[in-house]
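I opened this entry to record what I looked up, one element after another.

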Amino acid sequence: MTWSIKILRAGTMRLDGGGMFGVVPKTMWERLSKPDEHNRILLQTNCLLLEQGGTKVLVETGCGSKWSKKEREIYAIEDRTVVDALHEENIDPSEISHVVVSHLHFDHAGGLTTLNKDCPVPTFPNAAVHVQAQEWADANQNRAVMTRTYLPTHLEPIVSQVKTHTEASTILEGLTVASAPGHTWGQQAIHITAPNGQVVFPADVVPTIHHAPPAFVMAYDIEPYTAMQTKINVLTQAAEQGWTIALGHEPGPVLVKAESDPERPERRRLVPCQ
Ligand SMILES: [Zn+2]
């Protein structure tokens, strides 16, 4: 049994380019991703809709819609959500039975809740929400290098829906999660068996097509060195096994393959799927 995969673009945002590339000098990253006048680079919040039989699963939820005008300006958050993307596929959020989130930062978990009048309520009322136990604990304790990324309005309304996982586990046949630490201690990668082979969604281990080199990790990472090791492992496995990689924040091509760089064989580069 395999899952059909549809890429849902849940809205663009912009984050500081230095934040997104960590220790990489601006003279290097600005050639790859051009910053705007506020030094911000364009990012997408990519989600995946998985379908098998009548079962509909959502991977990631994007930023959602609960943002003030000022917050939208700071991050250039587009007025578009994963619900808009689902409606374009004629799917109502109530039809989603499982939501898998890589971690609970605002740009991944914000879409879990929606304002009803001024009260945050679950966006996917009939879904189990799958997250690592470590991530759920850290989010509720606000253990992050950013002070306003684990927000109670994203978390408290969904408490009864949460299903926590430890390390690797199977959610449904052909859909598994595995610990991918570094960006957060409790981040998980999502592995999907699709008609054309295995697909991995490594989330903020490899946010864009320009983040393949090991040292290109974010300043937001809780453990940058661990993030590098996780990335090397994921890209090595992807290259050796022929997995397709689905990129979480890439505004361009979302599905890529990891290939050896002929000039530096120990490194991988990401090449868009045809
Ligand atoms: Zn992110």
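My notes below cover one helix and then a set of paired strands.

I began with the ground rules: the model is predicted, local features need pLDDT of at least 70, side-chain atom pairs count only at pLDDT 80 or more, and totals for chains, interfaces and linings use all residues. Residues are numbered from 1 along each chain as its sequence is written. Helices (H or I, at least four residues) and strands (E, at least two) are DSSP runs, numbered from the N terminus.

I looked up helix α8, residues 224–241, and found that its 18 residues reach 26 Å from first C-alpha to last, close to the 26 Å expected, where the expected span is 1.5 Å times one less than the number of residues.

Which residues of α8 are buried? I listed A227, T230, K231, V234, L235 and A238, taking a residue as buried if 20 or more other C-beta atoms lie within 10 Å of its own, exposed if 12 or fewer, and partly exposed in between, with C-beta atoms placed from the backbone. Seen down the axis, these buried residues fall within an arc of 125°, so they line one face of α8; the arc is that of the directions from the helix axis to the C-beta atoms. The face turned away from the buried side carries the exposed residues Y225 and E240.

I then turned to the strands, which pair if DSSP finds at least two bridges between them. Strand β9 (residues 169–172) and strand β10 (residues 175–179) are antiparallel over 3 bridges, and T170 has T176 in β10 as its bridge partner. In their hairpin, with 2 residues between the strands, G174 takes a positive phi near 80°. β10 also pairs with strand β11 (residues 188–194), in the antiparallel sense over 5 bridges, and A178 stands opposite A189 in β11.
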